[in-house]
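This report describes selected features of the structure shown below.

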Amino acid sequence: MADKKRVILAFIEYGRAEDEHYIEECRELCRAAGAEVVGIISQRSRKADPHTGFRSGKVSELITMCQELEADQVIFCSDLPPAVISRLNTMMEPEVLDRTSLILQIFEQRARSRQAKLQVEIASLKHTLSSYESEHEARSHERGGTAMNRGAGEMRSTSVHRHTEARIRDLQKDLKRISDRENEAEDRRKRNIIRRAAIVGYTNAGKSSLLNAVLRHTGIEERRVEEKDMLFATLDTSVRRIRCRSREFLLYDTVGFVSRLPHELVEAFNTTLSAAAQADLLINVTDASDPMYREKKEITLATMQQIGAGDIPVLSVYNKIDLVREREEYPGIAVSCLTGEGLDTLLEQITEMLYPAEVVMNCHIPYDRIGMLDRGRNTLRIIVLDRDETGMYVKISGPRDFVRIFRPWMINEERIMQ
Ligand SMILES: Nc1nc2c(ncn2[C@@H]2O[C@H](COP(=O)(O)OP(=O)(O)OP(=O)(O)O)[C@@H](O)[C@H]2O)c(=O)[nH]1
Ligand SMILES: [Mg+2]
């Protein structure tokens, strides 16, 4: 195995309460990228130096530190303009990257499916493009340049720019072909009128573990998904069929989020996240043993809004409760995927939320439409009462939206249960 990259983390400490957590998270991101953090350097400041992020004395200190610690890379974790990052790159030997590039590196290493690979490549190219644009803007600003005095270098960069944009368009076309196929599969699932719940949450909260725990709890030992103590272990969406209290639903495991997730990535991962955006219920999993769990839960909700899933009902789940000594009154369901605690309540709540108000309808379905009953078999309770020469008398109960499709053959609506 290749030697681990030796990384120095650089920060500007703005004096915010979350600074310490942020540093810790960047350390974890490095670990996830397979790098070793050999040093941390920070400068307390209200704002970043517009040219080099750090002030000049600190930059010299960073250069010396790189030599002494034989660093291969510097990750500047404060949000600096790309032009600053590229200026720093001209000033020191090791490569200087921003946090977005670090996250992109992790995604690049983890991407397995064609879809994930395409999504990551698009995000990387978009990041390069925005870095390039910002650098270009900074340069022409410094020079006071106008369109009239473009040099040869600028013309060359414009062609690189155009080439990158064309490549992004090609990749997006490929991605669209894959997502169209997936949408067809999704449409087939929808036609089968089966309800869908998506597990979403901060990375490492235990989303994949929750899917596995539910599988185990409902008696399915096989078809487990990978769970791992590492940020961004899951990049592709997995889906499993769950049967609980004579009801069925689909449960999706999705990619996790972090604070300040690069917008290029959120955009590119729209296809993967569309499972969540189209779900009937979002299960927002947080790690209750994490001191920052409230903030992380909010970040997940904000990201869900960003992808257009802000209107979907949310069930909050507080996982890893086995690690919490002093439990709180959680506004949701406390569970442990490790011990199985709380899973009964969770499943009960999921089915209640997925199948809320129920309708019971007596119908006479003609024999040539009997196939309709097949479509509802996963979601509805169907009891055959009688038959005659033209069709069947059935009692159908289930969610109003689904029972409604049998309205043309309704004899009467019996009662409504809440
Ligand atoms: N003690 C304890 N550990 C848990 C529990 N649930 C999950 N874990 C651990 O937490 C780590 C992360 O779990 P995953 O299920 O991979 O987390 P994830 O949310 O899918 O993470 P990403 O795919 O990276 O977004 C693993 O080491 C799990 O074993 C729990 O209830 N209790
Ligand atoms: Mg996972």
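Predicted model: local features only at pLDDT ≥ 70, side-chain atom pairs only at ≥ 80, totals over all residues.

Six strands make up an open sheet with mixed pairing, and their order is 6-7-5-8-9-10. Strand 6 (238–244) and strand 10 (333–334) each have a single partner strand and stand at the edges, so one side of each has no neighbour in the sheet. Helix 7, which covers residues 207–217, packs on the sheet. Helix 7 touches strand 5 (195–201), strand 6, strand 7, strand 8 (281–287) and strand 9 (314–319), and its direction makes about 155 degrees with that of strand 7.

Strands of a sheet pair through backbone hydrogen bonds, in either a parallel or an antiparallel sense. Strand 6 and strand 7 (residues 247–253) run antiparallel and are joined by seven bridges. Within this pair, V239 has Y252 in strand 7 as its bridge partner.

## Strand 5 and its neighbours

Strand 5 runs parallel to strand 7, with five bridges between them. In this pairing, D253 in strand 7 stands opposite I199. Strand 5 also pairs with strand 8 in the parallel sense, again over five bridges. There, G201 has V285 of strand 8 opposite to it.

How much of strand 5 is covered? The strand is mostly covered, with six of its seven residues buried. Helix 10 (residues 293–306) lies across strand 5, strand 8 and strand 9. The direction of helix 10 is at about 150 degrees to strand 8.

## Helix 4

Helix 4 comprises 12 residues, 99–110. At 1.5 Å a residue, helix 4 should span 16 Å, and this agrees with the 17 Å that separates its end C-alpha atoms.

Why can helix 4 be described as largely enclosed by the rest of the structure? The description applies because 10 of its 12 residues are buried. A residue counts as buried when 20 or more other C-beta atoms lie within 10 Å of its own. The buried residues of helix 4 are R99, T100, S101, L102, I103, L104, Q105, I106, F107 and R110.

Conventions:
Residues numbered from 1 in each chain as written. Chains lettered and ligands numbered in written order. Pairing = 2+ DSSP bridges. Helix = DSSP H or I, 4+ residues; strand = E, 2+ residues; numbered from the N terminus. Contact = placed C-beta atoms within 7 Å. Axes fitted to C-alpha atoms, helices over the stretch in contact; angles between N-to-C directions. Expected span 1.5 Å × (residues − 1).
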